[in-house]
Amino acid sequence: MEALYLLVPLSIVVVFAAIWIFFAASDNGQFDDLVGPGLRILQDDDRPAIGDEADGKRHDVNKQ
């Protein structure tokens, strides 16, 4: 029973510390846009770079 006098306040302090750490990380932008970077890597970009189009030549990838 005496252990509860130590464990209950200690557990309350740990819970409040975890909540404070979560909100501090949230305020600093830790959890911003978790989905976007994962989806961007899956997008296929077959268009030539801007510098390749600037020379006026057309690059045909199917040409043999």
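Of the 64 residues in the protein, 3% are buried, where buried means under 20% relative accessible area, exposed means over 50%, and partly exposed covers what lies in between (1.4 Å probe, protein chains only). The protein exposes about 6600 Å², of which carbon and sulfur atoms supply 62%; such areas come from the Shrake-Rupley method with a 1.4 Å probe.

This is a predicted model, in which local features need pLDDT of at least 70 and side-chain atom pairs count only at pLDDT 80 or more, while totals for chains, interfaces and linings use all residues. Residues are numbered from 1 along each chain as its sequence is written, and side-chain values use heavy atoms, with hydrogens and water left out.

The secondary structure comes to three helices and zero strands, where helices (H or I, at least four residues) and strands (E, at least two) are DSSP runs numbered from the N terminus. Helix α1 (residues 2-27) has end C-alpha atoms 39 Å apart, which agrees with the 38 Å that its 26 residues should span, the expected span being 1.5 Å times one less than the number of residues. Just after α1, G29 takes a positive phi of about 85 degrees.

Confidence is given by pLDDT, which runs from 0 to 100 for each residue, and the table sets out its means.

| Part | Mean pLDDT |
|---|---|
| Protein | 81 |
| Helix α1, highest | 96 |
| Helix α3 (residues 50-53), lowest | 63 |

Where pLDDT is low, the predicted coordinates should not be read in detail.

Aromatic rings pair if their centres lie within 6.5 Å, and planes under 30 degrees apart count as stacked, over 60 as edge-to-face and the rest as tilted. The count comes to two aromatic pairs, including the edge-to-face pair of F22 and F23, at 5.3 Å centre to centre and 70 degrees between the planes. Ring pairs link F22, F23 and F31 into a cluster.

Definitions and conventions:
Rings of Phe, Tyr and Trp (its six-membered ring) pair if their centres lie within 6.5 Å; planes under 30 degrees apart count as stacked, over 60 as edge-to-face and the rest as tilted. pLDDT is the predictor's confidence in each residue, from 0 to 100.
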